[in-house]
Amino acid sequence: MSATAALPLRSRVLLILATVLVTLAPAAPASAAVPPAPATHAAAAGDARSPEPRGAEVVAFTRVADRQVDLSVRSAALGGRTVKVRLLTPDGWNPGDRRRHWPTLWLLHGCCGDYTSWTARTDVAATDSLRDVLVVMPEAGWNGWYSDWWNHGAGGDPAWETFHTVELRHLLEHGWGAGPNRVVAGLSMGGQGALLYAARHPGMFKAAAAYSGSAHPLLDDESVSRIMGFFAGQGNDPLRVWGDPVAQRLIWQAHDPVHLAGRLKSLPVYLSCGDGTTGPLDTPGATSALEADFNRQNHALAAELERVGAKHLTTHFYGPGTHTWAYWERELHASLPMLLGALGVDG
């Protein structure tokens, strides 16, 4: 038995968490924000496509760089707190033109990052194939896990899934130029979020991509311990998120992409992951136990998707590579033809 395995569960999960924080934390954005515009846009009434949102509103608008806009959104699903959403806007985008609605790519950040992560750590803002697409990069909490938290049966704040799939969706489509033609992608925690949202909200997204995603948190005890370590981040009670993995097993299964594979089988799905050993984009000697775990999880999800008859699965299990941004930027570009094709946009 290794020294790590001999540690108590709490110590083990905190040790696992500590080893990945430096990798996942975003660098500070290079551009400075300009003063917010003095405009408020209240949520519009719901339509037949999803439940009516209540209480979400945009309270500030900040242009941070060319084609980059930050919205400050006050959310009832988040207990009335205000969080940020970054938009990478298409050429010709004009939120005042209610007749024009753009195909939309939702791009989800990972644990220990935030809504600025993709623009701070990758070349997404300079990607020419996205100049005809509205890219939505929402805040999802340092370790929110794209879930409405169980909170020991009480529910309530934070309800990240409701914020994104109900409140934010309606705000963007009723005032900020987003259309109903959507795809979703994400890394790590956000990779799990992309798969969960596509599976749990049929018809909302036309394709999903997950890069080094947490694709099967119930795979084994190591995987459960690792995600519980993330849940415990920042002093949080880890049982608030999905409850106990045994006592609240059904809640865990409802947030495990392998258990939702049947709902993904008709969609184009892109899965990529390294194996945690030193790869071509790593510093010499770098390894990642987290990536090795997620690699096993992604192989399990791919096998389950094939078992249930998925017809549009693309995998890129590229072998050597760790849990780092260089690979996620590369995989975003590799998956864009699939994602943009599902939107009907020429890449």
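Visitor: How should the confidence be read, and what does the chain average in pLDDT?

Guide: Where pLDDT is low, the predicted coordinates should not be read in detail. The present model is predicted; its chain averages a pLDDT of 88, and 84% of the residues score at least 70.

Visitor: Over which residues does pLDDT stay under 50, with 91 contacts beyond four places in sequence?

Guide: That stretch is residues 9-53.

Visitor: How many helices and strands does the chain have?

Guide: The secondary structure comes to 12 helices and 10 strands. Of the 347 residues, 54% count as buried. Taking contacts between residues at least 6 apart in sequence, 73% join residues at least 24 apart.

Visitor: At what angle do helices α7 and α11 pack?

Guide: The angle between α7 (residues 221-231) and α11 (residues 289-307) is about 125°, and their axes are 11 Å apart. The two helices are therefore oblique to each other, an angle between 115 and 145 degrees being neither roughly perpendicular nor roughly antiparallel. The crossing of α7 past α11 is left-handed.

Visitor: Which residues make the contact of α7 with α11?

Guide: From α7 come E222, S223, R226 and F230, and from α11 come A289, L290, D293, R296 and Q297. By type, the residues of this contact divide into 3 nonpolar, 2 polar and 4 charged.

Visitor: Where does A207 lie?

Guide: A207 belongs to the loop between α6 (189-200) and β8 (208-211), and with a relative accessible area of 0% A207 is buried. Apart from neighbours within four places in sequence, the contacts of A207 include R182, V183, V184 and P268; M338, L339 and A342 are also among them.

Visitor: Why does F317 count as partly exposed?

Guide: F317 counts as partly exposed because its relative accessibility is 23%, and that class lies between 20% and 50%. F317 is in strand β10 (residues 313-317) and touches residues including L271, S272, C273 and N295. F317 and L271 are 46 residues apart along the chain, with 7.7 Å between their C-alpha atoms.

Visitor: Which residues does a cis peptide bond join?

Guide: Most residues other than glycine have a negative phi, and most peptide bonds are trans. In this model a cis peptide bond joins D157 and P158, with omega of about -5°; P158 is in the loop between β6 (134-138) and α5.

Visitor: What is the phi of N151, and what is that of S212?

Guide: Phi of N151 is near 50°, a positive value, and phi of S212 is likewise near 50°. N151 is in the loop between β6 and α5 and is buried, at 11% relative accessible area. S212 is in the loop between β8 and α7 and counts as buried, at 0%.

Technical notes. Residues numbered from 1 in each chain as written. Predicted model: local features only at pLDDT ≥ 70, side-chain atom pairs only at ≥ 80, totals over all residues. Heavy atoms only, no water. Axes fitted to C-alpha atoms, helices over the stretch in contact; angles between N-to-C directions. Helix = DSSP H or I, 4+ residues; strand = E, 2+ residues; numbered from the N terminus. Parallel < 35°, antiparallel > 145°, perpendicular 65-115°, else oblique. Left-handed = near helix turned anticlockwise from the far one by under 90°. Contact = heavy atoms within 4.5 Å. Nonpolar A, V, L, I, M, F, W, Y, C, P; charged D, E, K, R; others polar. pLDDT = per-residue confidence, 0-100. Buried < 20%, exposed > 50% of the residue type's maximum accessible area, 1.4 Å probe, protein only.
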